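Subject: A structure for you to look at

Hi there,

Here is the structure I promised to pass on.

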Amino acid sequence: MTQLQELRRALSRAGLDAAWISDPANVRAVSGFSSGKDGKVLVTQGAATLYTDARYTVQAAEESPLDTFIARPPATLEHAAPGLTGLRVGFEADHLTVAALEDLREHWPQATLVAVQGLVQSLRAVKTGAEVQAIRDAQALADQVFAEVRPLIVAGARELDIASEIELRLRRAGAQSAFDLIVASGPRGAMPHGTASDRVIQDGDLVTVDMGAQLRGYNSDMTRTVAVGTPGAEMARVYRAVLEAEEAAVRAVKPGVRTADLDRLARDILTGHGLGEAFAHSLGHGVGLEVHEAPSLRGTSDDVLQPGMVITIEPGAYLPGVGGVRIEDLVLVTDSGYEVLSQSPKERL
Ligand SMILES: CSCC[C@H](N)C(=O)N1CCC[C@H]1C(=O)O
């Protein structure tokens with residue numbers, strides 16, 4: 001079943017007649033149109049229309065099987081209005097701006113607008129075979145680039161040098177970086193989102209490299225923490241604790257497992273090493289058209305793993321003023337358990 005068909009069933013279950021899709025990743029998921037930020041989709045039980053503007057006439061025809069209406073607002077909303085009389089139309093409350101909602105209210109007074117959240121996102125959490133292949137290819141490329149760049153992570157190199165080498169190689173391979181590269185060395189490792197700076201890597205540093213490739217619209221996400229020279233005993237101990245938590249959580253991945261329980265499992269291991277407070281974020285997240293998408297692997301999440309989900313397992317420990325460690329794998333939930341998509345070797349300290 002296509003995501004459009006699944007969306008129609010979800011609409012029926014939610015008591016809706018139509019949905020106005022404005023979130024760029026959701027636009028892409030239901031229409032195939034890759035410039036989702038300049039597109040919207042109106043889905044009813046009988047029709048689906050992609051709205052975009054004249055810059056994308058050729059691209060929309062190439063990429064999307066949907067009927068396409070080329071115009072700019074308010075002509076788009078005027079075009080849609082007659083078909084919406086008396087309908088309950090869902091809009092994406094977690095994306096639509098207040099101003100855009102006012103526009104919908106003004107142009108569609110005959111429709112009942114209903115705020116919905118996560119409607120398409122929940123469908124996207126389970127990937128199709130083609131989606132898994134795109135993510136697999138993106139990760140394979142990231143692994144290859146990491147292998148090429150690993151020898152460059154030495155004392156005297158700047159974090160920025162490492163990041164630009166990774167970006168260049170991804171670009172040359174027809175991909176791009178999935179997000180601002182995180183290269184955090186020495187004390188900067190205490191910043192979970194420590195994007196590459198001009199810091200010069202020192203002998204004895206741990207260096208956290210968190211990288212993803214975006215290929216055919218799909219993302220990968222992986223972190224390795226590597227040692228330059230011989231790290232101090234304390235950071236080596238932290239590294240081993242994070243690795244233990246990471247590998248235990250990966251081994252526990254299988255359909256039916258609550259993601260909150262996975263987070264708990266990893267957190268308990270780190271707490272056992274006195275690092276519970278240092279694990280400053282959730283265990284992971286889904287990956288696909290967006291780097292962060294459903295399911296959530298937070299301690300407060302109600303999500304349950306299903307075959308076809310692609311998730312990260314990425315515990316970390318961050319010690320302000322000292323340093324940090326994160327180790328992250330990209331994992332496919334299979335019918336019987338899991339498959340680790342990220343193949344880059346992990347150091348054993
Ligand atoms: C800005 S994208 C960050 C990608 C990274 N792998 C990631 O998802 N995280 C790093 C710290 C925790 C986690 C996050 O929640 O952002």
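Which backbone oxygen does the side chain of Arg 224 reach at 2.9 Å? The oxygen belongs to Glu 328.

Before going further, two notes on how to read this. This is a predicted model, so local features need pLDDT of at least 70 and side-chain atom pairs count only at pLDDT 80 or more, while totals for chains, interfaces and linings use all residues. Residues are numbered from 1 along each chain as its sequence is written, and side-chain values use heavy atoms, with hydrogens and water left out.

Back to Arg 224. Its side chain also reaches the backbone oxygen of Ser 344, at 2.7 Å. Both are polar contacts (a pair of N or O atoms within 3.5 Å; within protein, one must be able to donate a hydrogen and the other to accept it, and residues adjacent in sequence count only if both atoms are side-chain atoms). Arg 224 is found in strand β12, residues 222-227; helices (H or I, at least four residues) and strands (E, at least two) are DSSP runs, numbered from the N terminus. Arg 224 is buried, with a relative accessible area of 2%. Here buried means under 20% relative accessible area, exposed over 50%, and partly exposed in between (1.4 Å probe, protein chains only).

Next, helix α7, which covers residues 129-149. At 1.5 Å a residue, its 21 residues should span 30 Å, and its end C-alpha atoms are 30 Å apart, which agrees. The expected span is 1.5 Å times one less than the number of residues. Among the buried residues of α7 are Val 132, Ile 135, Ala 138 and Phe 146.

Now the salt bridges (a side-chain nitrogen of Lys or Arg within 4 Å of a carboxyl oxygen of Asp or Glu). A search of the whole structure finds 26 of them. One joins Glu 347 to Arg 150, with the closest N and O atoms 2.9 Å apart. Glu 347 lies in the segment after β19 (338-340) and Arg 150 in the loop between α7 and α8 (159-172), so this pair ties together parts that are 197 residues apart in sequence. Arg 150 is partly exposed, at 22%.

Another salt bridge links Arg 55 and Asp 53, at 2.8 Å from N to O. Arg 55 is exposed at 52% relative accessibility, whereas Asp 53 is buried at 7%.

Enjoy exploring!

Best wishes
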